[in-house]
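Dear colleague,

I am passing on the structure below, and I would be glad if you could look at it alongside the notes that follow.

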Amino acid sequence: MTEQNELRCRKIPMNNGRSIPALGFGTLIPDLGDTLRATRSALEAGFRQFDCSERYRNEKAVGEAIQDVLREGKVRREDLFIATKLWNNNHRPERVEPAFEASLARLGLNYLDLYLIHTPFAFQPGDEQDPRDQNGNLLYDHDVTLLDTWRAMESLVDRGKCRAIGLSDIGLNELKPLYDSARIKPAVVQVESHPYLPETELLGFCKEKGIVFLAFAPLGHGMRPGLLEDPVIAAIAARVGKTPAQVLLAWAVQRGTALLTTPKSADRARENFDISALPEDALDEINRIQTRQRLNPVVNTGIPGFIPQGR
Ligand SMILES: NC(=O)c1ccc[n+]([C@@H]2O[C@H](COP(=O)([O-])OP(=O)(O)OC[C@H]3O[C@@H](n4cnc5c(N)ncnc54)[C@H](OP(=O)(O)O)[C@@H]3O)[C@@H](O)[C@H]2O)c1
């Protein structure tokens, strides 16, 4: 396999003896038709790792695209790595398995490769994903701990329903005690990360403990001005003959993380899958970028930052 192919097909070992494809496709797409088309395009471009969430309210459309491709025999289920996430209103232990089963049914699957707690914030239990009081303040649930929810996640693994469990939107201060108390250690931690938010300390902890660090917003959520127009990234892209997006994705994989990107068109899906290794000096230049910016405040509140309000 050439070095170029090696990078785009790289798999990272997990602590359950399995591995996760480094290049992942995220399904946070508001429109259902777009979700179906973009997921299919991602599969056709070569993406094999998929990230979903009950909160995205489009698991059925993602599942449809996956089922179509499986039915056509183009890909086998065992070649795919499919993850989804438990939302904040389902943190009570008795709500975890029903939420998991509902996601599985919407996706049309009989097992998941990974199930994540979407955020460490528990909201009031019930069917309302964003329960609020009459003043519009979110109603948090203080009667359930993250460890309570984690124990219910562990039971899903025990029952053979999902192969790995993990956490998302978590900081080191919450991750460490959970890691210490967990019977089944988190396999994956999904957080925002890019050259403006390298999360070096968290990445170091994950590497030390054998947890896969899964970066979302590797393109800075496509915001302009932003990472895609950063002068260092643009200069490297011109020098190596790749696009700024390809440079950012290669940097993420080469620093040992898995990632989630969300190209919506077939052209961008092919572009984002077509990454090749950057030379060491380019990696060093990116590592020296001083700008610091967090784009998604979800990690502070549990309130989703990228989902259009009112949906
Ligand atoms: N755990 C969490 O709380 C959380 C939060 C946010 C996201 N996520 C996950 O992470 C995934 C990825 O996050 P993200 O949406 O921020 O990913 P991203 O890939 O950093 O940003 C996507 C944006 O970049 C644009 N884009 C994609 N490819 C491009 C290219 N080659 N050139 C120029 N622009 C390009 C897209 O534009 P177009 O729309 O025009 O294609 C889109 O606006 C989500 O889908 C979701 O699965 C998780």
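Helix 10 supplies the largest share of the shell around the ligand, namely three residues (helices are DSSP runs of H or I with at least four residues, strands are runs of E with at least two, and both are numbered from the N terminus). This is a predicted model, in which local features need pLDDT of at least 70 and side-chain atom pairs count only at pLDDT 80 or more, while totals for chains, interfaces and linings use all residues. Residues are numbered from 1 along each chain as its sequence is written, and side-chain values use heavy atoms, with hydrogens and water left out.

The ligand is surrounded by 31 residues, the closest being D51, D169, H221, T262 and K264 (a residue is near if one of its heavy atoms lies within 4 Å). Among the polar contacts (pairs of N or O atoms within 3.5 Å), an N or O atom in the side chain of D169 is 2.5 Å from an oxygen atom of the ligand, and a polar side-chain atom of R268 lies 2.8 Å from an oxygen atom of the ligand. A polar side-chain atom of S168 lies 2.8 Å from a ligand nitrogen atom. Of the 910 Å² of accessible area that the ligand has on its own, the protein covers 89% (Shrake-Rupley method, 1.4 Å probe).

By class, the shell around the ligand holds 12 nonpolar, 12 polar and seven charged residues, where Asp, Glu, Lys and Arg count as charged, Ala, Val, Leu, Ile, Met, Phe, Trp, Tyr, Cys and Pro as nonpolar, and the others, Gly among them, as polar.

Best regards

Terms used. A polar contact is a pair of N or O atoms within 3.5 Å; within protein, one must be able to donate a hydrogen and the other to accept it, and residues adjacent in sequence count only if both atoms are side-chain atoms.
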